[in-house]
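Please walk me through this structure, one part at a time. I am new to it and would like to know how the chain is built and where some of its residues sit.

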Amino acid sequence: MNRIVAFLVLTFSLCQGVAGNAQPSTPVQATPGSQILSQPAVTPITIKLEPISPLRLDSGNGAPWWSYFVPIVGPIVSGALAFIGVWLGLGIASKNTTSTTEAAQKNNDAAIWQKANETELKNLQEKLNEFYIPFQLLSDANHLLAQDLRSRQKMENYRLLIQLFDNDWRDGLTPGDRKLVEIICKNAEELRALIASKSGLVDEKILPYLSRVSVHFRMLYLAYKSKLGEDSERFKEYIYPRELDKVLALEVVRLRGRMESLRLNPSGRPGSFEALIIPPSLELPKWSDTDGRLLV
């Protein structure tokens, strides 16, 4: 088709050029005595336009069979690809949202556990600082003084509480030993006051031991003040419970172990706090209890 249009344009241009070059004939007037010359006649150009058939490009084999399915399959494939793209996008967005939520929840849980662990650490440290350590320091110091005094006594089954009822024994003490007795008995009263004010910080399994030793400290101080009379036989049950020291040592080890585990994992969920286990060898001796009110 383009070739036909070009051909027509070319032909028209040629016709215009021929027409422009043709000069109109001018009559020549004859003058007297001149010879009349005749002009040659111009022959008109005749152009005949013949229609031609349109150009056709033929590959020889025709359109492939699968090309007929393109209008049908194309939209289906495009829709499927669009659906897959949307589905993948939603899946990735959902996964990112889930990951973000889980990370935020994990951080929130870690903050909560860290706060709880810090609170527990503070409570454990408070127990050590306000009762166990002060009690052990004063009790151990008192024990050293009592052992120093004991080392100079020439008798079997020596007990300071029982000896305080013996005025002859007290009068026979050196000034230094008499001062030791005073310090030991006053320290005992301080230990009893510490138990009374801080017993709420201890494990309930230790309370019977503290009750027993608190009574001992009280009787020791009253005997030192000579307010219990002269009969020591009825006060033999009030001797110091030696099992207490080892039980307190077990409890301090348990508390420190718990604190160490909390420090190693400050923002994690801690394991269960192991209960205090007192072996049978450290059980308190039976106390006369006619109305059954004592725990042991």
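Predicted model: local features only at pLDDT ≥ 70, side-chain atom pairs only at ≥ 80, totals over all residues.

Residues are numbered from 1 along each chain as its sequence is written, and side-chain values use heavy atoms, with hydrogens and water left out.

Start with the overall build. The protein chain has 7 helices and 0 strands. Its pattern along the sequence reads α-α-α-α-α-α-α. Helices (H or I, at least four residues) and strands (E, at least two) are DSSP runs, numbered from the N terminus. The chain holds 296 residues, and 25% of them are buried. Here buried means under 20% relative accessible area, exposed means over 50%, and partly exposed lies in between (1.4 Å probe, protein chains only). The accessible surface comes to about 21800 Å², and carbon and sulfur atoms hold 59% of it. Such areas come from the Shrake-Rupley method with a 1.4 Å probe; for residues, only the protein chains shown count as cover.

A contact means heavy atoms within 4.5 Å.

Now turn to the open space. Rolling a probe the size of a water molecule over the atoms shows where empty space is left. The largest pocket has a volume of about 490 Å³. It is lined by 21 residues, and those closest to its centre are His-143, Ala-146, Gln-147, His-216 and Tyr-240. The largest share, 7 residues, comes from α2. By class, the lining has 11 nonpolar, 5 polar and 5 charged residues.

On a 1 Å grid over the protein atoms alone, a pocket is an open set of points with protein on both sides within 12 Å along at least five of seven lines, and lining residues have an atom within 4 Å of a point. Grid points are joined across faces, edges and corners, and a volume is the space filled by probe spheres set on the points. Ala, Val, Leu, Ile, Met, Phe, Trp, Tyr, Cys and Pro count as nonpolar, Asp, Glu, Lys and Arg as charged, and the others, Gly among them, as polar.

Val-247 lies in α7. Is Val-247 buried or exposed? Its relative accessible area is 0%, so Val-247 is buried. Beyond its neighbours within four places in sequence, Val-247 is in contact with Ile-206, Tyr-209, Ile-278 and Leu-282. Val-247 and Ile-277 are 30 residues apart in sequence, and their C-alpha atoms are 9.2 Å apart in space.

Arg-254 is also found in α7, which covers residues 243–264. Arg-254 counts as buried because its relative accessibility is 15%. Its side chain makes a polar contact of 2.9 Å with the side chain of Glu-251. A polar contact is a pair of N or O atoms within 3.5 Å; within protein, one must be able to donate a hydrogen and the other to accept it, and residues adjacent in sequence count only if both atoms are side-chain atoms. Not counting residues up to four places away in sequence, Arg-254 touches Asp-203, Phe-273, Glu-274, Ala-275 and Leu-276.

With 45% relative accessibility, Arg-256 counts as partly exposed. Neighbours within four places aside, Arg-256 is in contact with Leu-128 and Ile-133. Arg-256 and Gln-125 are 131 residues apart in sequence but 8.6 Å apart in space, C-alpha to C-alpha.

Finish with the loops. Most residues other than glycine have a negative phi. Asn-157, in the loop between α2 and α3, has a positive phi near 55°. Asn-157 counts as exposed because its relative accessibility is 74%. Ser-226 sits in the loop between α6 and α7, and its phi is also positive, about 60°. At 48% relative accessibility, Ser-226 is partly exposed.

Note on methods: 1 Å grid on protein atoms, 1.4 Å probe; cavity = no way out; pocket = protein on both sides within 12 Å on 5 of 7 lines; lining within 4 Å.
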